[in-house]
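Morning, everyone. Please look at the structure on the screen while I talk.

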Amino acid sequence: MTVLAPFLRRHRSSPLAPRGLGPRRPLAGGACVLVAAAGLSAAPVVGGSDTAQARPITPVVEHPALADLPEQRVAAQGRSTTRSGPADHVVTGTGNASLVGLTWLPRTAPADGTRVEVRGRDSTGRWTAWTATSVEADTDPVAEAAGRVTRVGTEPVWFGPVTSVQVRFADAAAAKVRTGRLELVEPRRAAADARSSAPAASARAATSRPAVLSRAAWGANESLRSCTPSYGSTTLASVVHHTAGSNNYTKAQSAAIVRGVYAYHTRSRGWCDIGYNALVDRYGQVFEGRYGGLDRPVTGAHTTGFNTDTFGVSVLGTFSTAAPPAAAVNALTNLLAWRASSFYRNPTGTTVLTSRSSNSRYRAGTKVTMPFILGHRNLGYTECPGNAFYPRLGALRTAVAARTAYTSSPLYRRWASLGGASGRLGPVWRGEAPMPFGARTVFQNARAGYAVGSSTRILGSGIDALYWRSGGPGRWGAPLTDEQLGTRGSWVSFSAGYSAAWSPATGSQPLHGSLGAYWLRTGAENSPVGFPREPERALANGWSQQFRVANVYVKRGGAS
């Protein structure tokens, strides 16, 4: 091995094609490793590729002001009426819609919990029954942090296609109700609605992730999203909701309902995205909700004061008097079992939540102990998830627990042995997911855990990010050990012949083949060339890699 300045000068002006990190044939037995003074320019980092998405659908939303619509005063149902006595006001609006709600600016909104009723008239002239909905003070903390103007609103009500809508409200609330807007949402139909199907569920995690229809599959137009996702620390609880409106929708209408809720939350209420993390229909289909990853603690807008570190799931329909169908409950059970298992949470246990808003049932800063699976009404002034659904949450917890099996996971056992959520790894930030060789969990304290068979490996965030940018398990294989920690940096090797090294001065860099073998053989962090500063690069007659102290070359064809 020699240090050759002429070799460096000879190749400094040569065309240097960036070299990928894919497998290559071993060099001929006469290959020569050369070391020269550092100085080559940086090479590109290997990255991923974009994935194609399904055609998005843009709902149509109209916002007529209630004050501009025709109004009648009618006798309150079941009560005698005098000039000053109780009466109902009925406002009528026209326009094509399938989902309807009402919104107000916060300073003029009726009190939280104020009841209004809505109904719709279809193209044949038939009116639906009156459906009650109520004012909810739920807000989107992500939108507010971004400085967006948001509106107070009711739960949206799904009718299916109607051409006129009536809103009924009592005298006591009339002045404030009339300051709002009627929100007419037409989510539009798509041929894909009738043939959408969820991907097959994974069968290799501790509890399998259920089949889920992605945002692309239900036609989410991502241009309606106005903020980047915000994340909490973990999942402390799962909050169960219902939407509102008809329970008699068809399976082909479910995707349109989800699009309608998405448009109502973003276009009508000014939120960043749909409020729920996931939605479930009466047929047992599960829909991905707020953008950012179902396996991460995405902050939603489903429970004022308690959106951070909670997983909000809404069942499509109204369950004030009717219980949710068995298919919906079964799908909800599978979804919550997967969430609890992947975040290492006991579904029949309790959790401590801290209120972040005095608009909830609890003043900001109040700590409350709640079941891991709870209803919206536990935390807010609402009937949600309905009087017929709420009493069934105890049975739901028991059913979820019967399908939860995370204690057998090697990663869970390693995490628990290190102190669990209060240990050096911290709480689970990204739920356990299957890998070709086992499983992976990401923890809050910038560590990723891997199960390789029955054993485990722990990697730091820098090397773990490089691993995934470079192809992950498909290219590098499984990590062979925990990340090795030295005094000046760290490193780890993978089963497909790659290694990665990290130091504060150089960041994370890949190593491969003879160059990687040389660095490891000469002492890793104690190698005379120091930590790598860039990936290896292709030369006309070999490869090079820049290290902190010197450049290392692999030359083809024998002695230089």
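**Salt bridges, a sheet and a disulfide**

Let's start with one pair of side chains. Asp 122 and Arg 126 form a salt bridge, with 3.5 Å between the closest N and O atoms. Keep in mind that this is a predicted model.

Arg 126 is exposed, at 52%. The cut-offs matter here: buried means under 20%, and exposed means over 50%.

Why would two such side chains pair at all? Side chains of opposite charge can do so when their charged atoms come close.

How many salt bridges does the structure hold? It holds 16. I'll pick out some others.

Take Glu 183 and Arg 181. Their side chains meet in a salt bridge, 2.9 Å from N to O. Glu 183 counts as buried, with 0% relative accessibility.

Next, Arg 189 and Glu 186. This salt bridge has its closest N and O atoms 2.8 Å apart. Arg 189 is partly exposed, with a relative accessible area of 40%. Glu 186 is buried, at 16%.

Then there is a network. Salt bridges link Arg 215, Glu 222, Arg 225 and Asp 273.

**The disulfide**

Now to the cysteines. How many disulfides does a search of the whole structure find? It finds 1. Cys 227 is joined to Cys 272, with 2.0 Å from S to S. The torsion about their S-S bond is about -60 degrees, so this disulfide is left-handed.

**A loop residue**

Stay with β10 and α4 for a moment. Asn 248 has its place in the loop between them. Asn 248 is exposed, and its relative accessible area is 65%. Arg 282 is 34 residues from Asn 248 along the chain, and their C-alpha atoms are separated by 8.8 Å.

**The sheet**

Now move on to a sheet. In what order do its strands run? The order is β21-β22-β23-β24, 4 strands in an open sheet with antiparallel pairing. β21 (484-485) and β24 (507-512) stand at the edges. Each of these edge strands has a single partner strand, so one side of each is left without a neighbour in the sheet.

Look at one pairing. Strand β23, residues 498-503, pairs with β24 in the antiparallel sense over 6 bridges. Ala 500 stands opposite Pro 510 in β24.

What packs on this sheet? Helix α8, residues 461-469, does, and it touches β22 (490-493), β23 and β24. The direction of α8 makes about 50 degrees with that of β24.

Helix α10, residues 513-521, lies across β22, β23 and β24. This helix runs at about 115 degrees to β24.

**To recap**

The structure holds 16 salt bridges. Thanks, everyone.

Note on methods: Residues are numbered from 1 along each chain as its sequence is written. This is a predicted model: local features need pLDDT of at least 70, side-chain atom pairs count only at pLDDT 80 or more; totals for chains, interfaces and linings use all residues. Side-chain values use heavy atoms; hydrogens and water are left out. A salt bridge is a side-chain nitrogen of Lys or Arg within 4 Å of a carboxyl oxygen of Asp or Glu. Buried means under 20% relative accessible area, exposed over 50%, partly exposed in between (1.4 Å probe, protein chains only). Two strands pair if DSSP finds at least two bridges between them. Helices (H or I, at least four residues) and strands (E, at least two) are DSSP runs, numbered from the N terminus. Contact means heavy atoms within 4.5 Å. Axes are lines fitted to C-alpha atoms, for helices over the stretch in contact, and angles run from 0 to 180 degrees between N-to-C directions. A disulfide is a pair of cysteine sulfur atoms within 2.5 Å.
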